[in-house]
Structure formats: C-alpha cells, structure tokens
Amino acid sequence: MGTVTLGVSIAVPEPYGSLLQERRASFGDPAAYGIPTHVTLLPPTEAEAADLRAIETHLAQIATAGRPFPMRLSGTGTFRPLSPVVYVQVVEGASACSWLQKRVREPSGPLVRELQFPYHPHVTVAHGIEEAAMDRAYEELSSYEASWTCGSFALYEQGADAVWRKIQEFPFGGGGGAPAVPAQGGWFVDQPSLHP
C-alpha cells in the first residue's frame, strides 16, 4: 500500500481561515493555497497507508476524551533566525493544544515521533520567503485578533501535488461538540484543560 504523509491540526474557522490564507498568499508564500490555515498538532509525518485505520481509531479516542475549549489569536511572532517562519500567536488555548499534541504522539500510539523543535502552538502566515516579505507579514498582522470555540481537530493527508486535504474530523466528546465557527455569545469552557 505504500506510505502517506499525514498531519493533525486544528482548523482556523471562517472567516478567519480564508482571510489569513489570502494574507499569506499576498506576502508571496507559494504554499499558501495548499495548506488550510491551522494550528499544528502533528507536523508532516510519514506513515504506512495500512496503518490509517489504527491512526483514525487513536485520534477518535483522544477526541472522545477532550472537551471544546476557547481559542484566541492575537498579534504576531517569529521563529527567525532559527526557522524562517512568521506566525500569528495563540494566546488562549495553547495549553489545550499542547495536551492534544502530546496525546497524538504518545509512545503507545501509532504516530510516535520526535519534534525538531519544542512544541509551540501558532498559525503560520509566512514561511521560507524573502526577509522583506517576512518583515511585512510580521508588521501587517501585528494587531490581528480572532477567537472561537474549538470543537474538533482533523487528520490531513498531503497529496502528490503538495496540497493538504482533510481525511477525517474528530469532534470532542465523541459527539458534535461545539460548532467550528466563531463563538457569538456562546458557551466557553472555564479552563482550557481538555480532561473530562
């Protein structure tokens, strides 16, 4: 069956996702339209295609144990000079993202891997482009704000065309969870912990 390149992430919902994708493209990032706007839980990882069912079962178990939590983005940051990335900061929901990514990569599961850098939840808005464009992304999105209730995460596969496509979404609590749209006077969990 061969191998597949997988990733696990939290999608940034509309209208925020498309806006940030368009801004990423405007800075000259050629990958902008091949990568849905997201917060990474598992970076690109090679896996055996035959293991997909076990991977989906593993992710479903994690989601069932989780609860919706508030996410808030605010301002920009950068990993330069270590890595050529400018991002929008996750200022609320980071601890829940950290808990999730540890569970996704746990040693007893099918997605075990070491990370190249310590985990830092973020939304990439420029990657590997010229420095002047990176500076522009950093400055122009420095006052950016968005918030929503995160009700799920998803498994993605990268195609031969380098485009990432969603394979399956995993709602928290095993049910519909909170809708993946910005909260409008809606319900929020008091603590960002996902533990039931």
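Modeller: Begin with a hairpin: strand 3 and strand 4 form one, with six residues between them. Keep in mind that the model is predicted.

Biologist: How do you know that strand 3 and strand 4 pair?

Modeller: Two strands pair if at least two bridges are found between them. Strand 3 and strand 4 are joined by five bridges, so they count as paired, and they run antiparallel. Within this pairing, Gly77 stands opposite Tyr87 in strand 4.

Biologist: What joins strand 4 to strand 5?

Modeller: Five bridges again join strand 4, residues 85-92, to strand 5, and these strands run antiparallel. Val85 stands opposite His127 in strand 5, and Val88 stands opposite Val123 in strand 5.

Biologist: In what order do the strands of the open sheet lie?

Modeller: The open sheet has four strands in the order 5-4-3-6, with antiparallel pairing.

Biologist: Why are strand 5 and strand 6 called edge strands?

Modeller: Strand 5 (122-127) and strand 6 (145-150) each pair on one side only, and therefore they are the edge strands. From one strand to the next, the twist averages 25°.

Biologist: Which helix lies across these strands?

Modeller: Helix 1, residues 16-26, lies across strand 3 (69-78), strand 4, strand 5 and strand 6. Helix 1 runs at about 25° to strand 5.

Biologist: How many helices and strands are there in the protein chain?

Modeller: The protein chain has four helices and eight strands. Along the sequence they follow the pattern β-α-β-α-β-β-α-β-α-β-β-β.

Biologist: What makes Phe153 and Phe172 an aromatic pair, and why is the pair called tilted?

Modeller: A search of the whole structure finds five aromatic pairs. For Phe153 and Phe172, the rings are 5.9 Å centre to centre, with 50° between the planes. Ring centres must lie within 6.5 Å, so the distance qualifies Phe153 and Phe172 as a pair. Planes under 30 degrees apart would be stacked and over 60 edge-to-face, so 50° makes this pair tilted.

Biologist: Which parts of the chain does the pair link?

Modeller: The pair links distant parts: Phe153 is in strand 7 (residues 152-158), and Phe172 is in the segment after strand 8 (164-171), 19 residues apart. Ring pairs also link Phe69, Phe153, Phe170 and Phe172 into a cluster.

Biologist: Are Phe153 and Phe172 buried or exposed?

Modeller: Both Phe153 and Phe172 are buried, which means that each has under 20% relative accessible area. Of the 196 residues of the protein chain, 45% count as buried.

Biologist: What is the volume of the largest pocket, and which residues are closest to its centre?

Modeller: The volume of the largest pocket is about 1000 Å³. Among the 35 residues that line the largest pocket, Thr40, Pro43, Pro44, His122 and Thr124 are the closest to its centre.

Biologist: Which elements give two or more residues to the lining of the largest pocket?

Modeller: They are strand 1 (3-11), strand 2 (38-48), strand 5 and strand 7. Strand 2 gives the largest share of the lining, seven residues.

Methods:
Residues numbered from 1 in each chain as written. Predicted model: local features only at pLDDT ≥ 70, side-chain atom pairs only at ≥ 80, totals over all residues. Heavy atoms only, no water. Phe/Tyr/Trp six-rings, centres within 6.5 Å; stacked < 30°, edge-to-face > 60°. Buried < 20%, exposed > 50% of the residue type's maximum accessible area, 1.4 Å probe, protein only. Axes fitted to C-alpha atoms, helices over the stretch in contact; angles between N-to-C directions. Contact = heavy atoms within 4.5 Å. 1 Å grid on protein atoms, 1.4 Å probe; cavity = no way out; pocket = protein on both sides within 12 Å on 5 of 7 lines; lining within 4 Å. Points joined across faces, edges and corners; volume = space filled by probe spheres on them.
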